[in-house]
Amino acid sequence: MRSRLPFPALALALSVAVAGNAAPTAAAASAEGPRLSVDLTAGRHPISPYIYGTNFTDEALAAELRLPVRRWGGNATTRYHFRYDTTNRASDWFFENIEEENGDPAALPDGSSTDEFVEQDRRTGTATVLTLPLIGWAPKARDGSCGFSVAKYGPQQRTDEWRPDCGNGVRPDGSPVTGNDPRDTSVEVGAAYIADWLGHLTGKYGTASQGGVKFYNLDNEPDIWHSTHRDVHPLGASSAELRDRAYLIGAAVKAADPGAKTLGPVGWGWTSWDYSGLDQETCARTGCWGDPPDRPARGGLPFTTWYLRQMKDYQDRHGVRVLDYFDMHFYPQAGGVAFGGGGDPAVNALRLRSTRALWDPSYTDESWIGTQVRLIPRMKELVAANYPGTGTAITEYNWGALDHVNGALAQADILGIFGREGLDLATLWAPPSANQPGAYAFRMYLNHDGAGGRFGDVSVSSTSADQGALSVYGAERGSDGALTVMVVNKSGADLTSPVDLTGRHAPAAQVHRYGAANLTAIVRAPDQALTRTATGSTFTHTFPADSITLFTVPRQRAEARYRNLDHATRNDTIKPAFQAVNPGPQPIALDRVTMRYWFTRDGASPVTVSCERAQPGCSKITRRVVPLASPRPGADAYLEVGFTGGTLGAGGSTGPIELRLSRRHGGFNEHGDHSWAAPAPGYAANPKVTVYVDGVRVAGAEP
């Protein structure tokens, strides 16, 4: 595993180059690309903002991105003492206690590095993930002590050149030093320590619900303590130990701050799914992977299946959820990908293919894993089967080459996959500095225009005829209803593709692009004209090689004004009247607009609808009554009103449209109908009359 140390990042302001608004022209040398399709009416689900997180991002970049979540994690955080502001760097650096720089150690724990971490996040509006120790040990002091003293335990293969008494715990003959005393560096800590630390944090910053620390990792990769922290935990952690320590510390978190969220088991990677630390430590020595020693203790179950069931069992028995997110780290295992550079074309191609391990059931991982990983669907299925309601998280991942456009393409693809597949939280390990291409991948989702423009927060169905060449991710933005479409060209060539949008039309889409042609800025490219279709719109676009392109298609808005012309709530008619209104700056074709009035039919006899008067002309008004398959509160049907043609100008209104619903047998009781409102002298907004453009609701609330 890589060293878990934060590093400085260069803070640069986002540069957005403006290329004008002339009509785009296709590159002459481009090849035919796959068809892309985005459907606003299908596959809709929220995108968690927490998928765009990082570990240890510097403040300037975090502020620019309005970074949603930031994690304080890694090997060293397994053994941290907040009162001494000291971590033990474990196998990353000679098992040494290393104190954080602090101008006033006497004031600790105030002013600790973790306090400063939380304070930065509060300044940038970022949620914090802090890592808590389950291992049972933390540094004893700010004393620079180490786990394998040469003076105490004899010569070792390597020593710290600045602290030559601190060795790596391996004798010159290659055998490990054993029998060392954990108290050389550490004191025992447990639930009382967690209560003390969280008492400090909540006392200073408030509880999670008050804006304090929101998330706590239940340690960091505890299934490999026997490797990373073998000076205090030389044996692999058994399933029972990992469970019991999660119970202990998770319960301590909930007692100190019931609103805080916990994440576990925080396994290091692929083998963590099936094997406990005891399994991994033993089988790495003996090759017992087919019959690991800890499996019987789990009733033959894979570790993660068993772990989730055990966490659910705790909640069933105690009424307290001690695990909120199922968190597993993942690093691609193919050579040269994770943390690798962008100089090898073969590795670059592999890097872009290997993102399929996150979702694709047809992709066999091209490493020693050698099977279909489909990581995020696997996580969600495991949770659904064993502990429903638990979130999914990947608090460490890295696909490498973040200083190269190839890494930026992979990162942009990964962020799109996270949103489409419904992951709940993710934090990139070793984030890029502000001027590196990898940072621009985040900008494309979080600040593409330098003014806070973000990718949408409701994922919609998006498909590519060849996801390996052009990957596409679509989402609707809740703040203004804009459709955002991200396209990543991984093919290495310019590709010209048709793009179909179902449920959305506008005259043009804004285009922002980052890629190999300009590694220092996101370019505001010429607007893309859209052609209207029966279901939305279409266009053809040339995607440059090694590029990330974002289309922003504005939502054309429409609203309804309503008036009740029937002064009686109990009779054989309903007399709703409407006006369709365009509050936007662009005209809108009326045949794209429909309005719905939701009501109860109060009986089985047929309901007819007639047009009494309409300013556009009754012949231009469509109307129908649509029964609901299942009744809803205040409605078992709706009246749908549409138009055969015409244009609604910017700021314009259709004028009055007066309709009548009637039945031959029986009457209506309108009081309690979802869309009903008391008679009034004029037209007014009614939030329970819904309005749709291209079949997508743009105003009003359905029952």
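Trainee: Is Cys283 buried or exposed?
Mentor: This is a predicted model, where local features need pLDDT of at least 70, side-chain atom pairs count only at pLDDT 80 or more, and totals for chains, interfaces and linings use all residues. Residues are numbered from 1 along each chain as its sequence is written, and side-chain values use heavy atoms, with hydrogens and water left out. Buried means under 20% relative accessible area, exposed over 50%, partly exposed in between (1.4 Å probe, protein chains only). Cys283 has 1% relative accessibility, so Cys283 is buried.

Trainee: Which residue forms a disulfide with Cys283?
Mentor: A disulfide is a pair of cysteine sulfur atoms within 2.5 Å. For Cys283, the S to S distance is 2.1 Å. The torsion about this bond is -95°, a left-handed link. The partner is Cys288.

Trainee: How many residues apart in sequence are the parts tied together by Cys146 and Cys166?
Mentor: Their disulfide has an S to S distance of 2.3 Å. Helices (H or I, at least four residues) and strands (E, at least two) are DSSP runs, numbered from the N terminus. Cys146 lies in the loop between strand E11 (137–139) and helix H3 (150–153), and Cys166 in the loop between H3 and strand E12 (186–188). So the tied parts are apart in sequence by 20 residues.

Trainee: What pattern do the disulfides of the protein chain follow?
Mentor: The whole structure holds three disulfides. Count the bonded cysteines along the chain, and the pattern is 1-2, 3-4, 5-6.

Trainee: In strand E9, which residue is the bridge partner of Asn88?
Mentor: Two strands pair if DSSP finds at least two bridges between them. Three bridges join strand E8 (residues 86–88) to E9, and these strands run antiparallel. They belong to an open sheet in the order E7-E8-E9. The partner of Asn88 is Asn97.
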